[in-house]
Amino acid sequence: MARKRESPKLVKIKDAINLINQRVSLIGIVIEQREPKQCRNNDWICTLRVIDDTYPSPGFTVNVFSNTLEQLPQIKNYDDMILFTRIKMQTFDSGKRVNAACDRWVASFALFEGGGTGKDFVCYQCSSNFHEEEALYKSSMDDLRKVFAGSSGFLKAQSSIYRVTPCSQEKISFLREIKNGKCFDLVCKILHADEQMSTVFVWDGTDAPPAFILATGVEEDEAFSSLSVNTFLSRDTLLSFPTLGTILRVSLSSHLFHQVKPGDWVKLYHLHCEVDRGSWVGKVTNSTKVRRAQDDCLVEKIMRIYDKRIASKLGHIPYWSFPSPPGLTETDDNCAPFVSLMDIITFPKVTCKYKCIVRVVAAYPWQVEDFCSDENRRHRVLLTLEDPIATLGAFLCDKEAEYFWGLGFQDTQILRNKRNRLLGIRGFSNLGAPRNPPWIECCIFSYYTHKADPWTTRKYRIFGTRLLD
């Protein structure tokens with residue numbers, strides 16, 4: 001019968017630093033976590049600083065090694081406890097200083113949150129080779145928690161550069177408050193990420209401000225190419241997304257998101273936002289940090305506001321179009337409820353009629369002289385519609401086009417003036433200036449062009465909508 005492996009004896013940090021080249025086990029409170037780095041042998045290293053009652057300052061450094069980024073410690077709170085077993089004590093800086101190495105062959109770790117009066121410790125992560133009985137260390141963790149009970153201020157001061165602590169001076173913004181070229185802090189939910197975690201899509205339930213459309217000089221030659229979320233992801237993926245509130249695409253240049261996954265609520269610190277082809281995008285900076293959102297009250301508040309919005313009859317109207325669109329259009333169906341473009345994209349039936357409030361950000365063809373075909377004089381133009389969550393290409397054809405443009409439909413100059421007003425172009429001389437298209441109300445119906453493949457051939461057309469003079 002195999003001999004049962006004995007659980008290691010715990011030592012205090014003050015005693016451990018005298019046990020050079022020996023393996024020890026200890027419990028500490030995490031006060032700092034530095035960004036993970038990849039070693040030359042392709043392993044990963046994460047440096048933690050921990051304290052206990054015998055070594056409360058400046059803290060003891062432990063380097064944790066793993067063969068994958070995901071298996072490194074993923075600290076959730078600034079006062080979580082960590083149990084190290086069989087870490088090796090070693091010196092550096094010509095023997096003047098001491099730290100420990102938690103290798104992936106012999107040593108192990110386990111992370112705990114909770115504890116205190118009436119609360120149990122909960123292990124939320126451990127290394128794959130951790131096989132200890134947690135109950136054996138409960139009393140030691142309870143004792144350490146009692147020592148620092150009521151010392152949250154001390155722990156926060158100790159962890160002033162700790163990478164996962166919420167900043168006491170932070171000013172959390174909503175997506176509706178972002179500004180082009182500015183950095184901000186955001187509490188949001190990760191809805192989706194690509195396989196490499198190089199691009200993530202985040203959401204907080206609010207509508208980002210409508211962006212100015214910058215002229216690129218290509219409007220005359222090709223259809224508008226949007227960077228909206230629905231142009232990157234499949235409809236099947238979008239079915240799991242909320243249908244209200246801007247979804248921000250965040251491009252990464254580092255492994256900032258290795259500790260989180262889709263479905264998590266996070267805080268993004270110092271995220272840079274800018275407008276690219278009319279769509280808001282987020283980009284990381286050298287000072288960007290990503291942390292799990294521990295403020296449940298804030299998350300609950302966000303969801304409470306969203307639930308109220310989605311239950312309201314006016315909730316599907318873009319925030320920035322209130323109190324109502326400027327009266328540029330009128331629709332035939334005054335009773336139909338408003339929906340968002342994401343509602344339309346994810347609607348379970350291929351064919352249906354909808355009413356929404358949108359901006360027309362592009363028209364193709366661009367020149368009004370090309371709206372009609374020379375061959376059969378059929379009118380056909382593709383309008384790119386936008387609301388805070390998605391973009392949609394909708395055709396304006398024949399009789400519906402004639403009804404939409406109204407009087408002057410055959411007059412090129414009148415048609416050009418109406419197009420300019422619709423697209424936010426102010427005067428012929430300002431064709432190259434940034435555009436801010438107005439909000440309009442319009443009716444849309446979806447249809448398919450091939451019965452054998454209705455979803456793949458699904459299209460959209462504008463109907464029952466008139467542009468007022």
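Visitor: Why is Tyr354 called buried?

Guide: Buried means under 20% relative accessible area, exposed means over 50%, and partly exposed covers the range in between (1.4 Å probe, protein chains only). Tyr354 has a relative accessible area of 6% and is therefore buried. The model is a predicted one, in which local features need pLDDT of at least 70 and side-chain atom pairs count only at pLDDT 80 or more, while totals for chains, interfaces and linings use all residues. Residues are numbered from 1 along each chain as its sequence is written, and side-chain values use heavy atoms, with hydrogens and water left out.

Visitor: What makes the rings of Phe347 and Tyr354 an edge-to-face pair?

Guide: Rings of Phe, Tyr and Trp (its six-membered ring) pair if their centres lie within 6.5 Å; planes under 30 degrees apart count as stacked, over 60 as edge-to-face and the rest as tilted. The whole structure contains 8 aromatic pairs by this search. For Phe347 and Tyr354 the centres are 5.7 Å apart and the planes stand at 85°, so the pair is edge-to-face. Phe347, at 27% relative accessible area, is partly exposed.

Visitor: What makes a set of residues a nonpolar core?

Guide: A nonpolar core consists of buried Ala, Val, Leu, Ile, Met, Phe, Trp, Tyr and Cys residues joined through side-chain atoms within 4.5 Å. The largest one here has 51 residues, and Ile247, Leu341, Ile344, Leu383, Leu385, Trp405 and Ile444 touch the most other members. Strand β17 (residues 352-364) contributes the most to this core, with 5 residues; strands (E, at least two residues) and helices (H or I, at least four) are DSSP runs, numbered from the N terminus. Contact means heavy atoms within 4.5 Å. Leaving aside neighbours within four places in sequence, Leu341 is in contact with residues including Cys356, Val358, Leu385 and Ile444. A second, separate core of 24 residues includes Phe60, Ile75, Cys102 and Ala107.

Visitor: How do you know that Glu32 and Arg49 form a salt bridge?

Guide: A salt bridge requires a side-chain nitrogen of Lys or Arg within 4 Å of a carboxyl oxygen of Asp or Glu. The N to O distance between the side chains of Glu32 and Arg49 is 3.2 Å, and they meet in a salt bridge. This pair links distant parts of the chain, with Glu32 in strand β1 and Arg49 in strand β3 (residues 44-51), 17 residues apart. At 4% relative accessibility, Glu32 counts as buried. Glu32, Arg34 and Arg49 are linked in a network of salt bridges.

Visitor: Which backbone value sets Asn21 apart as a residue that is not a glycine?

Guide: Most residues other than glycine have a negative phi, and most peptide bonds are trans. Asn21 has a positive phi of about 65°. Asn21 lies in the loop between α1 (13-16) and β1 (23-33), and its relative accessibility of 56% makes it exposed. His270 also has a positive phi, near 55°, but is placed in strand β13 (residues 265-276); at 35% relative accessibility, His270 is partly exposed.
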